[in-house]
Amino acid sequence: MDARRESEPTPMKNRTTVERKTERELVTTRTFNGPARIVFEAWTKPELFKRWWVPKSMGMSLLSCEMDVRVGGKYRLVFAHEASESTFFGSYLEVTPHSRLVWTNEESDDGPVTTVTFEEKGGKTLLVMRELYPSKEALDAAGTGAADAMVETFAQLDELLVALGASLGRS
Amino acid sequence: MVQYTQARLDDSFGALSDATRRGVLEQLGRSDASITDLADKFHMTLTGMQKHVGVLEQAGLVSTEKVGRVRTCKLGRRRLEEEAAWIERYRQLWDARFDELDKVVEALKQKEKVDGRKKRK
């Protein structure tokens, strides 16, 4: 794979950054080599959105994707992972063409409000995604915090231990 | 370095292989607690809980501090590493998504060019 990357030079890949800005907020940034108009379109048209939201490395597939992109409009995404399905849904709070999208994540009470801004400069677009959780605990629980991250880690460890046929003498 | 990592992994696996110790970590994830609190919560003797906490402390998962006659336990420095690890996993997910989005943006740009040429004809 690396060899192929070297032999077929592609335009320089832009960097994705993620930072926990405050106790309640996670901020992700990325620059795209295209105008805001196009990047915005890729976030708001289901047929385009479906082409990038679920990369192969996620090990999931997108069963359905409904998006009614206007203030008060709803969205609904259904994912399949192995034998299970999960649904993500919410509504759009703000829709400003080519510059700003705000939506809720209502599949859980602790879901964040997501704000995505598109800022065009010299034909490129800086995308900033802010996920503001209702509380520190909610963001912690989403994965960064000790308790839930550990539960998940334990589940993985459990699987690993079983896989290794570990002789750790678990009672 | 390898030796060090291996030893740490052994400690972690050992520490995490016990249901009570996993419960203690979950409990401390919610709030700090004294060994007495923990012993009560998990219906064990003080000595039994001290042993469990000792194993967790050895693995760097818990740190303890004695104030007066009370020894308070809280999650250890690994907590920060857990957070960094989670954020990195999350970043990788978005990075993979955005790589795909790059392709969509590129395809749309090409399409606009072609359409633009058609319009000018």
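This is a predicted model: local features need pLDDT of at least 70, side-chain atom pairs count only at pLDDT 80 or more; totals for chains, interfaces and linings use all residues.
Q: What order do the elements of chain B follow from the N terminus on?
A: Chain B holds five helices and three strands. Buried residues account for 22% of its 121 residues. Read from the N terminus, its elements run α-α-β-α-α-β-β-α.

Q: Which strands are the edge strands of the open sheet in chain A?
A: Eight strands of chain A form this open sheet with antiparallel pairing, in the order S1-S2-S8-S7-S6-S5-S4-S3. An edge strand pairs on one side only, and this applies to strand S1 (17–20) and strand S3 (61–67) of chain A.

Q: Which residue in S2(A) is the bridge partner of Val18(A)?
A: Strands of a sheet pair through backbone hydrogen bonds, either parallel or antiparallel. S1(A) and strand S2 (residues 25–32) of chain A pair in the antiparallel sense, over four bridges. In S2(A), the partner of Val18(A) is Thr28(A).

Q: At what angle to S7(A) does helix H2 of chain A run?
A: Helix H2 (residues 36–44) of chain A lies across several strands, among them S2, S3 and strand S8 (124–132) of chain A. Strand S7 (113–121) of chain A is another that the helix lies across, and the angle between helix H2 of chain A and S7(A) is about 155 degrees.

Q: Which residues of the largest nonpolar core touch the most other members?
A: In soluble globular proteins, nonpolar side chains tend to be buried together. The largest nonpolar core has 15 residues, and those touching the most other members are Leu28(B), Val53(B), Leu56(B), Leu61(B), Val62(B) and Cys73(B).

Q: With which residues is Val62(B) in contact, leaving aside its neighbours within four places in sequence?
A: Val62(B) belongs to the largest nonpolar core, as do Leu28(B), Val53(B), Leu56(B) and Cys73(B). Beyond the excluded neighbours, the contacts of Val62(B) are Leu28(B), Val53(B), Leu56(B), Glu57(B), Cys73(B), Lys74(B), Leu75(B) and Gly76(B).

Conventions. Residues are numbered from 1 along each chain as its sequence is written. Chains are lettered from A and ligands numbered from 1 in the order in which they are written. Helices (H or I, at least four residues) and strands (E, at least two) are DSSP runs, numbered from the N terminus. A residue is buried if 20 or more other C-beta atoms lie within 10 Å of its own, exposed if 12 or fewer, and partly exposed in between; C-beta atoms are placed from the backbone. Two strands pair if DSSP finds at least two bridges between them. Two residues are in contact if their C-beta atoms, placed from the backbone, lie within 7 Å. Axes are lines fitted to C-alpha atoms, for helices over the stretch in contact, and angles run from 0 to 180 degrees between N-to-C directions. A nonpolar core is a set of buried Ala, Val, Leu, Ile, Met, Phe, Trp, Tyr and Cys residues joined through C-beta atoms within 7 Å.
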